[in-house]
Amino acid sequence: MFAIAVAAELAGMHPQTLRQYDRLGLVSPTRTAGQSRRYSMRDVVQLREIARLSSEGLNLEGIRRILELENEVQHLRGRVRELETALADELLKSPGRRVFAAGAEGEVVSIKAGTRIQKSNQLVVWRPFRRG
């Protein structure tokens, strides 16, 4: 954790700029009990990204939106990893549990792995309808 002067130096900015970005919600440093700002290395990296985007001509609202979307993407990627892990764990617990086949009436039926549907030996004769 860095004090505002150190974070400003690491980010190549003036401390007042960091205060402004905090007020605008572009970066959210933690606070001490005395309400002093404390910046993490992640905050410093984000400040550098803000400076880069600003030098490319984006305004602060555009930068805020980009950062918001990047954070959302990061969150969603983490959630996808969680769900993939949960799915893999579930599949390992019950391998082959979800096997399906067509029933006698054409419906989809669930069967146990390794079993077969009882086949019918019935013969059905179809004759076209004749009007007489």
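Tutor: Happy to. Let's begin with Asp-22 and Arg-31, which are joined in a salt bridge whose closest N and O atoms are 2.9 Å apart. The term stands for a side-chain nitrogen of Lys or Arg within 4 Å of a carboxyl oxygen of Asp or Glu. Before going further, two remarks on how to read such values. This is a predicted model, in which local features need pLDDT of at least 70 and side-chain atom pairs count only at pLDDT 80 or more, while totals for chains, interfaces and linings use all residues. Residues are numbered from 1 along each chain as its sequence is written, and side-chain values use heavy atoms, with hydrogens and water left out.

Asp-22 is buried, at a relative accessible area of 15%, whereas Arg-31 is partly exposed, at 38%. Here buried means under 20% relative accessible area, exposed means over 50%, and partly exposed lies in between, with a 1.4 Å probe and protein chains only. Asp-22 belongs to helix H2; helices (H or I, at least four residues) and strands (E, at least two) are DSSP runs, numbered from the N terminus. Leaving aside neighbours within four places in sequence, Asp-22 is in contact with Val-27, Ser-28, Pro-29, Arg-31 and Arg-37. Contact is counted when heavy atoms lie within 4.5 Å.

On the H1 side, Ile-4, Ala-7 and Ala-8 meet Pro-15, Leu-18 and Arg-19 of H2. By class, that contact of H1 with H2 has five nonpolar, no polar and one charged residues. The classes put Ala, Val, Leu, Ile, Met, Phe, Trp, Tyr, Cys and Pro under nonpolar, Asp, Glu, Lys and Arg under charged, and the others, Gly among them, under polar.

H1 also packs against H3. The axes of H1 (residues 4–11) and H3 (residues 41–55) come within 9 Å and cross at roughly 45°; H1 and H3 are therefore oblique to each other. H1 passes H3 in a right-handed crossing, where right-handed means that the near helix is turned clockwise from the far one by less than a right angle, and left-handed means anticlockwise. Ala-7, Leu-10 and Ala-11 of H1 meet Val-44, Leu-47 and Arg-48 of H3. The residues of this contact of H1 with H3 divide into five nonpolar, no polar and one charged.

Leu-10, placed in helix H1, counts as partly exposed at 33% relative accessibility. Not counting residues up to four places away in sequence, Leu-10 touches Phe-2, Val-44 and Arg-48. Leu-10 and Val-45 are 35 residues apart in sequence and 9.0 Å apart in space, C-alpha to C-alpha.

Glu-61, Arg-64, Arg-65 and Glu-68 are linked in a network of them. Within it, Arg-64 pairs with Glu-61 at 2.4 Å, N to O, and with Glu-68 at 2.8 Å, N to O. Arg-64 and Glu-61 are three residues apart in helix H4 (residues 60–93), about one helical turn, and Glu-68 and Arg-64 are four residues apart in H4, again about one turn. Arg-64 is partly exposed at 25% relative accessibility, Glu-61 partly exposed at 46% and Glu-68 partly exposed at 34%.

Finally, Ile-63 also lies in H4, and this residue is buried, with a relative accessible area of 0%. Beyond residues up to four places away in sequence, Ile-63 touches Leu-26, Ile-50, Leu-53, Ser-54 and Leu-58. Ile-63 and Gln-20 are 43 residues apart in sequence and 14 Å apart in space, C-alpha to C-alpha.

Methods:
Axes fitted to C-alpha atoms, helices over the stretch in contact; angles between N-to-C directions. Parallel < 35°, antiparallel > 145°, perpendicular 65-115°, else oblique.
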